[in-house]
Each structure stands twice: as C-alpha cells, then as structure tokens.
Amino acid sequence: MLIFVTFLAFVGATYAQHPSGNPKVFDYTSCYCWRYEVFCRTEDSDWQWAKDECESMGGWLATIDKKTTHQEIRKLIRAQADSRVCNNYGFWIGLHDASDPKTSRHKGQPDKFSWVHEQCHDFQVWEKNQPNDNNKQDSNGQNCVQLWHRPSKKGNFDDEYCGEPKGYVCQFKEECPCINQAVE
C-alpha cells in the first residue's frame, strides 16, 4: 500500500509590465502550483522504477528548486518517518548523474548531476562529504540522489546506488487560480 502526503506550493507567476509603462503596475500572465506526493518504499522502487512511476501518474521525480521547497518536502518526509507510516532511510528525487559512469566520476563534483525536469539548475544542498560516488557495491558508483533520512541525517542530498529501493517524491504541475490585480 502506498501512503502519501500532498501539499501545494505556489511557486510563481510571470509578470509583464503594464502597457501604460508604469513600472509599478503588473498583470499576472500565468500561475501554476507544484503538488508533491511522498511515497513509501516498495520492493521495486529503485530510482528508475520511481521515475517511471511518477511519469505514469503525469508527474516526475521531484525537482527541488529552492530552500523553502526543500524544507517543506523534508517536513512531509519527517512526518511520515516519525509516525512510522513510512520507515525509509531515503527518498528518491529527480537528480542524477546521467553521464556514462565509466567515463565520468563525480566524487566531490555536484555539478555532474542534472535534474530529470529542467525546472532549475542551481539549488542543491548536499550532506557533508557528499557526493562521494562510493563504488564498493557497484563499480558504476552512486549515480542517483536521495533525500537522506536517518536519525542524524534529515533530508539533505546524498548520492546512492540507483538500484536500491527507496521511498520517492513525485512532483505534479497544476493550474492555480490567479487574481489579476493592479498595484499602484
């Protein structure tokens, strides 16, 4: 059984200058929200499976674009883990090293990772000494990223073996109501 928590986060609106040229007058031209769902680990939920599952539901593995989004997702994960609804040590997100692991190692090089959804490029919050590209269990190394959740690790980024079953966070784009307002 999959358990999930949902929240909406208003991420933004695109603004255009009012035709009068008044720089203090703006119109909303688009509004959207992101909905995140946190799913518990299953026997099958390695990184690729989780990616495919999110896409089959019309979303993608979560892209974390800023500190507030990271904090809210961590709260969702903590609520599940603390209540023992979802006892996981990590939750897959959409960050991964897509390069051939034999030609590119990423130890200490977070810039080698990319998001499955190109919503953002800059925000990353790695756990201390990560990414470490450990290759003890798999010679290809750790090419997928989880939000690490253990008693001393509270949801920062950690590279992990892609074949490990983890919980996962899906993200969905939804339309939100916008109010056209003139600000004077």
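**Rings and a cavity**

Mentor: Let's start with Trp34 and Trp60, both buried (under 20% relative accessible area; exposed is over 50%, partly exposed in between, using a 1.4 Å probe and protein chains only). Bear in mind this is a predicted model, where local features need pLDDT of at least 70, side-chain atom pairs count only at pLDDT 80 or more, and totals for chains, interfaces and linings use all residues. Residues are numbered from 1 along each chain as its sequence is written, and side-chain values use heavy atoms, leaving out hydrogens and water.

Trainee: How many aromatic pairs are there?
Mentor: The count is 6, taking Phe, Tyr and Trp rings (the six-membered one for Trp) with centres within 6.5 Å; planes under 30 degrees apart are stacked, over 60 edge-to-face, the rest tilted.

Trainee: And how are the rings of Trp34 and Trp60 arranged?
Mentor: Their centres are 5.6 Å apart with planes at 80°, so that pair is edge-to-face.

Trainee: What about Trp49 and Tyr168?
Mentor: Centres 5.7 Å apart and planes at 80°, so edge-to-face. Tyr168 is buried at 0% relative accessible area, while Trp49 is partly exposed at 27%.

Trainee: Which residues form a ring cluster?
Mentor: Phe113, Trp115, Trp126 and Phe157 are linked by ring pairs.

Trainee: New topic: which residues line the largest cavity?
Mentor: Arg74, Ile77, Arg78, Leu147, His149, Lys154 and Gly155. A cavity here is a set of points on a 1 Å grid over the protein atoms alone where a 1.4 Å probe fits but cannot get out, and lining residues have an atom within 4 Å of a point.

Note on methods: On a 1 Å grid over the protein atoms alone, a cavity is a set of points where a 1.4 Å probe fits but cannot get out, and a pocket is an open set with protein on both sides within 12 Å along at least five of seven lines; lining residues have an atom within 4 Å of a point.
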